[in-house]
Amino acid sequence: MNPSSLRALLDHWEADNKLLRVKKEVNPLYELGAVLNARQGRQPFYFEKVKGYSSPMVGGLGGDRALLADSIGIAPDQFVPKIIDSIVSPIPTRLIGTGPVHENVVLEPFDLDALFPIPTYHGDDSGAYYVSGILVVKDTSGKKRYTSIRRMQFLGENKTNVLITSPELLQQFYEYEERGEPMEVAVMFGVVPAVVLSSQISTHLYHADKLDVAGSLIGKPLDVVQCKTVDLEVLAEAEIVLEGKMIPHEREMEGPFGELAGFYGTRAPQPVIEFSAVTYRDNAICQTIFPSSYEERLPMALVREATLLSTVRQTVPNVKQVHITMGGVARFHAVIQIEKRSEGDGKQAAIAAFASDKDLKHVIVVDEDVDIFDPEDVEWAMAVRVQADQDIFIVPGAKGSPLEASHNVRGVTAKMGIDATVPLAHKESFKRTSIPFGPIDLEDYL
Ligand SMILES: Cc1cc2nc3c(=O)[nH]c(=O)nc-3n(C[C@H](O)[C@H](O)[C@H](O)COP(=O)(O)O)c2cc1C
């Protein structure tokens, strides 16, 4: 399988009975999202008929650890080392003359809504949104390329606005704005999950070219082509690309919108993009990611796990694995597994975790015999290994995340560390039961 081709991946999953093909026509107004969300972003869907359009739409490609790992060609437990290795050893993109994404070119004037579907997801959303496009920009020096996902509310004809929360990217836009210049953008749809995953790598920590990191994740350079109307490069194998400019000093109201944490964000003015070209492959396949689903959360969580492991390892070298949970909205809860060597390791690991990520609220540290990917096993460790007066510490009034309602109403967040590791002096009292037989195959007995 060509690991950079969405079409090859869809064929592979179809052959493997992993792809759910929806033959019934679906309305992009709520219905498509409702069907996609029936599997919470954990299974790939291919919508053959979207009402009012001739192009199909896919979603749910990157929300399951095993399938995401399969798309990259690694084992599901290898994400953290693979992400770290890809940041350290990126594979630069390769500029080629032309590519499939330029098979069709539409220049202004055009109506975005007439070309491809723009779904509406939640009941109180302020309109139709692009939610999965990979935004490509260059910094003001023109040297550094930067990809990320930013939702874009359709404003009519060739306009959207864009929600950018990362300080670095906002700062770049403000610099252009101060000069009275627009910031050129390109937005890619129909890309493999590795490109979504790499887009979540934090710029202020790593300053990596995320398309080069994606190349390293899949083990080969990604081909890029020069855009038609802006000075940017996009993936040659992307299905659809929107080219345009963020207009200086122009804002339009955006929101409410159903956010990552499962509640509505507030309404506020956001920068406006005016698009100058749409390029796409023959028989283009549209792509979406249901907001707040596993598909949105998993890439964020995996990238945060890589950072968390590296930070905790600085003070607790015997840390084994870390897990940022989906129920904790891919950022508020971490479970850390350590090989405890001395008293204090558990609390130290939790302190290091809080230092690694301001969004973390609750951290649980467990021993090696606990499966950190199984919530029931983690709860078991809390039930039988924790004494609240000794093993829990709370830091009141710390910084939190604006994606969390209980933080927003108070302006600060309390952090709670739970040390669910066994006291070393009493290890024998905590020994887990086991059966000295097996593993067995139940089929042999029935
Ligand atoms: C499906 C999805 C949708 C996202 N939507 C937004 C968004 O609307 N606005 C935003 O600022 N970040 C959004 N993010 C998060 C950013 O893409 C992410 O924080 C960023 O790329 C991290 O890199 P940075 O440090 O380079 O900004 C989204 C992430 C995913 C996976």
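Predicted model: local features only at pLDDT ≥ 70, side-chain atom pairs only at ≥ 80, totals over all residues.
**View 1. Strand 21 and its pairing with strand 23.** Strand 21 and strand 23, the latter spanning residues 413-419, pair in the parallel sense over four bridges. Within this pairing, I364 stands opposite I418 of strand 23. Strand 21 itself covers residues 362-366, and because four of its five residues are buried, this strand is largely enclosed by the rest of the structure.

**View 2. Strand 21 and its pairing with strand 20.** Strand 20, made up of residues 333-338, also runs in the parallel sense with strand 21, and the two are joined over five bridges. A334 has V363 of strand 21 as its bridge partner.

**View 3. The packing of helix 10 against helix 11.** Two packed helices are described by the angle between their axes and the distance between the axes. For helix 10 (residues 294-315) and helix 11 the angle is about 130°, and the axes lie 8 Å apart. The crossing in which helix 10 passes helix 11 is right-handed. On the side of helix 10 the contact is made by T307, L308, T311, V312, Q314 and T315, while helix 11 contributes Q348, A349, A352, A353, A355 and S356.

Definitions and conventions
Residues numbered from 1 in each chain as written. Buried ≥ 20, exposed ≤ 12 C-beta atoms within 10 Å, placed from the backbone. Pairing = 2+ DSSP bridges. Axes fitted to C-alpha atoms, helices over the stretch in contact; angles between N-to-C directions. Left-handed = near helix turned anticlockwise from the far one by under 90°. Contact = placed C-beta atoms within 7 Å.
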